[in-house]
Amino acid sequence: MGISIPAMKKSVNFVPFHRPWLGAEEIREVLAVLRSGWLTTGARARELERAMAEYIGCQHAVTVSSGTAALHLAMAAIGVGPGDEVITTPITFASTANVIALQGAKPVFVDVEPETLNLDAQQIEPRISSRTKAILPVHLYGQPCDMETVLRLAQKYHLLVAEDAAHALGTEYRGRKVGNLGDLTCFSFYATKNITTGEGGMVTTDREDLAAKVRLLSIHGITADSWHRHGDGEFVHWDVIRPGYKYNLSDIQAALGIHQLKKIEAFWQRRKRWVEMYDAALQEVPEIRLIPAKGDVKHAHHLYPILLKTEDLTVGRDAVLKALKEAGVGVGVHFRALHLTSFYSKTFGFKPGDFPHAEYASERLLSLPLFPKMTGREVKRVITQLKDTLHRAKKKKTF
Ligand SMILES: Cc1ncc(COP(=O)(O)O)c(C=O)c1O
């Protein structure tokens, strides 16, 4: 990068990208688990599953160790294997495509909608082949994909739909919560997500057969987890049905989730308030393109990404990112196009130009801090620093 942005005064009031919000309830519950003598998957994990199923309005919920584990189990439960293809988006976190590759299958990317950056469902049909097993849409930033088209195509071609809802706890699509739209939905409770257990995740579904497979594979593929072997009931021997993974969630983590889930609406209200402040302040900044929410959805507002019109700047996105960090604003990038990363380009032959909208966004995306514990003053600080940085990076008009 040849040109940099002139230095600004160092800030003493750093606004982090995220700060978790844990209350006395979470701390008390974790302490109760520590004192209970039962640390691994048990009563708290089951309680979180019941609460989640009720919140989503679905039949089954299975706690797991991460969103990645949820996605991996979804692929395994569906039976995705060598020779299969799964259709997904290149603008997502690594694990969305990694779990497909880990099963020996091929991720078939389709480009994203230029406005929302969600997978463009209109481009799915030409990519369906005799090897296609599933569609894996990602509800990016908390905005649902065009599920009507996804579900229609899945029905037409007998495909399964596993959703990456790592950003989408609380998201609604035409009045229905994400979590019971497709066959399996995968949530993340990672530290920065809309609710957190530190690390953790959940698979939700209405299908009993898939829920049973996910549960079995989450605990080695054995018939009885330790709650059933060493709980206060009768001792039972286990059998191995098929080799599985060690992807269960401990009760220490579930203790956090139980109370976090109760606060999801209050957290969302605060996220929404900060989003409205950002929208109002950044709408008219000519060097920024916002990513709008569609009319018929409830956006979970997990992230607040913007697109920098680098055509109008003297520098690229990474220089703006660096300058903002130096000015005391914790920013991120969600995401750089996955098809151009080393593994995917070398293994599957993806190349620049394959997905133009994804590549355009990949070079310009920047996520601003957005979390419930933020203060209005912090939001204003971010806005001021961003406007100031862009002002200094602006191309001078030559006429
Ligand atoms: C879109 C997306 N999918 C999946 C994941 C994986 O979730 P986890 O970190 O809980 O494994 C993430 C995490 O950041 C994500 O952003």
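1. Thr149 counts as buried because its relative accessibility is 8%, where buried means under 20% relative accessible area, exposed over 50% and partly exposed in between, computed with a 1.4 Å probe on protein chains only. Thr149 sits in helix H5, residues 147-157. Helices (H or I, at least four residues) and strands (E, at least two) are DSSP runs numbered from the N terminus. The side chains of Thr149 and Asp146 are joined by a polar contact of 2.6 Å. A polar contact is a pair of N or O atoms within 3.5 Å; within protein, one must be able to donate a hydrogen and the other to accept it, and residues adjacent in sequence count only if both atoms are side-chain atoms. Once neighbours within four places in sequence are set aside, Thr149 is in contact (heavy atoms within 4.5 Å) with Ala121 and Gln122.

2. A word on provenance before you go further. This is a predicted model, in which local features need pLDDT of at least 70 and side-chain atom pairs count only at pLDDT 80 or more, while totals for chains, interfaces and linings use all residues. Residues are numbered from 1 along each chain as its sequence is written, and side-chain values use heavy atoms, with hydrogens and water left out.

3. Leu210 is among the buried residues of H6, together with Ala211, Val214, Leu216, Leu217 and Ser218. Their cover includes strand E1 (60-64), helix H3, strand E5, strand E8 (184-188) and strand E9 (201-205). After H6 comes His220, with a positive phi near 70 degrees.

4. How do H3 and H6 cross? The axes of H3 (residues 67-78) and H6 (residues 208-218) come within 9 Å and cross at roughly 120 degrees, which means that H3 is oblique to H6. Axes here are lines fitted to C-alpha atoms, for helices over the stretch in contact, and angles run from 0 to 180 degrees between N-to-C directions. Angles under 35 degrees count as roughly parallel, over 145 as roughly antiparallel, 65 to 115 as roughly perpendicular and the rest as oblique. The crossing of H3 and H6 is right-handed; a crossing is left-handed if the near helix is turned anticlockwise from the far one by less than a right angle, and right-handed if clockwise.

5. For the residues at that crossing, look at Leu73, Ala76 and Ala77 in H3, which meet Leu210, Lys213, Val214, Leu217 and Ser218 in H6. By class, this contact has six nonpolar residues, one polar and one charged. Ala, Val, Leu, Ile, Met, Phe, Trp, Tyr, Cys and Pro count as nonpolar, Asp, Glu, Lys and Arg as charged, and the others, Gly among them, as polar.

6. H3 also belongs to the cover of helix H4 (94-102), along with strand E2 (85-88), strand E3 (106-109), strand E5 (160-164) and helix H11 (342-348), among others. The buried residues of H4 are Ser95, Thr96, Ala97, Val99, Ile100 and Ala101. Just after H4, Gly104 has a positive phi of about 85 degrees.

7. The axes of helix H10 (residues 317-326) and H13 come within 10 Å and cross at roughly 135 degrees, so H10 and H13 are oblique to each other. Their crossing is right-handed. Val320, Ala323 and Leu324 of H10 meet Gln385, Leu386, Thr389 and Leu390 of H13, a set with five nonpolar, two polar and no charged residues. Ala393 lies in H13 (residues 376-393) and is buried at 0% relative accessible area.

8. Lastly, please check His302, in the loop between strand E11 (297-298) and strand E12 (304-308). Buried or exposed? His302 counts as buried, at 3% relative accessibility. Its side chain makes a polar contact of 2.9 Å with the side chain of Asn194.
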